[in-house]
Amino acid sequence: MAVLCATIGTAAAAAAPAPSCTQALLEELGWHFVDAPVAAPVVHGGPVCTRATLAQARQAGDLRVQVPQAWTAGQRAAWMSGLFDDPATLCAYTFKLGQATRRATTQLQDNPGYRFSALQLGWIGFGARGAQAQGWQRFRSFGRGYQPAGRNSVALQHFYDGRVRSECGVGRQVAQLATQRELYGDAAFDAEFSPGELSIGTFLTLHDTDSILLGRHAGAFFADGKAVKTAQLGRQAFVGAPGFIEHVFDKRYLDDINNQAENFVVVDVSDAAAEALRAHGGFAHYDAVNRRIWELARRMPGPGPRRFERLLAEHDPVWRKGLPDAQQPLLAELDALLDDPFYQGFVIYVHPRGIRPVGYHIARLLDRNPRTPFAFELGLHNLHTTLYRRWIDARLRQCDSPPAASPHHNTHAGR
């Protein structure tokens, strides 16, 4: 995990908060401190990112520290501030990040009013009520750029229960921002981020804004397109990360331009899926498997707009039984390939398909764009760098100077 932490820095040490705040936040993240007759701290972080839950990590003996009992409060405070840069602390934080991701994507998935819009109709559409009525203001034409018009939490809430349309790239951005809302709670989310930092729109548009995702305030990025480094770190290192499933062949081989890619946010990774990714060194192996799946499907012509989705994802017994005898061996080989733990246990959110394993999307794309295979890619992200540090610093500030109760603070905050 050190590669993720290399760019974080140790800004907290320069102005360390009260020891009680620092220690309280570290303990909330899972660390257990014991005073002991030692000359220097004895730290056992453990492989936290490989654990299923924080409770499992604690049970395995991770996140334990022996602190010199002779240290003064000042010595403890200075040293504990540096523990936020420990790889195990970052992995402990990913459990909170994962919970926030699942809350956000579940609510986006469950909103029937949040739908898909083809690219030629504009990237984002707020319907007859308009953007202002749903908490957003436009800063670029043709739905290419919006930012919150008032409270950040209110703007994001309209993607949970309003009537909005966007393509899947914006869906990914909204899921990423909604995750931050769930992580902070409404009051802190409203206070900590400016409207420009929560801009949504085309990916090119975001680069010219203060966006915390891809713009001027994004800070340090972690680049691992084929997930080589992330796969070695463990399952929790994937959670919350953005990515996409993209066509391999040139655009002239696309039949459905609106399904040329599937932008996603990782929601969950099973232990078996994580182990498969680690063993195979990331996504490149599965790009080759996708190619084999595509080649087999090409040898199975037949009618039906959702044929492979029904056969391979839904396992529809009528469709499978009705397959010609000559194609049954091909179906068996496809089943075997898609039974790999990665295809079943690497779970992503894609607007408007919801939360599903990647195997579903590979099957569906065989129907949508049958003339090209597809490949997996993680996008640039700052979850473990800038956004991690901002959350830590915000929590420490809140502890040092607890804000007065906000009249707008609602039951959503801090969920």
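Q: Which residues does Arg 76 touch, not counting residues up to four places away in sequence?
A: Keep in mind that this is a predicted model. Arg 76 sits in helix α5, which covers residues 73-82. Skip the residues up to four places away in sequence, and what Arg 76 touches is Gln 23, Asp 35, Val 67 and Trp 71.

Q: With which side chain does the side chain of Arg 76 make a polar contact, and at what distance?
A: Gln 23 is one of the residues that Arg 76 touches. The two side chains also make a polar contact, and the partner and distance are Gln 23 and 3.3 Å.

Q: Does Arg 306 count as buried, partly exposed or exposed, and why?
A: First, find Arg 306: look in the loop between α14 (284-298) and α15 (307-313). Buried means under 20% relative accessible area and exposed means over 50%. Arg 306 has 27% relative accessibility, so Arg 306 counts as partly exposed.

Q: What separates the C-alpha atoms of Arg 306 and Arg 364?
A: Along the chain, these two are 58 residues apart.

Terms used:
Residues are numbered from 1 along each chain as its sequence is written. This is a predicted model: local features need pLDDT of at least 70, side-chain atom pairs count only at pLDDT 80 or more; totals for chains, interfaces and linings use all residues. Side-chain values use heavy atoms; hydrogens and water are left out. Helices (H or I, at least four residues) and strands (E, at least two) are DSSP runs, numbered from the N terminus. A polar contact is a pair of N or O atoms within 3.5 Å; within protein, one must be able to donate a hydrogen and the other to accept it, and residues adjacent in sequence count only if both atoms are side-chain atoms. Contact means heavy atoms within 4.5 Å. Buried means under 20% relative accessible area, exposed over 50%, partly exposed in between (1.4 Å probe, protein chains only).
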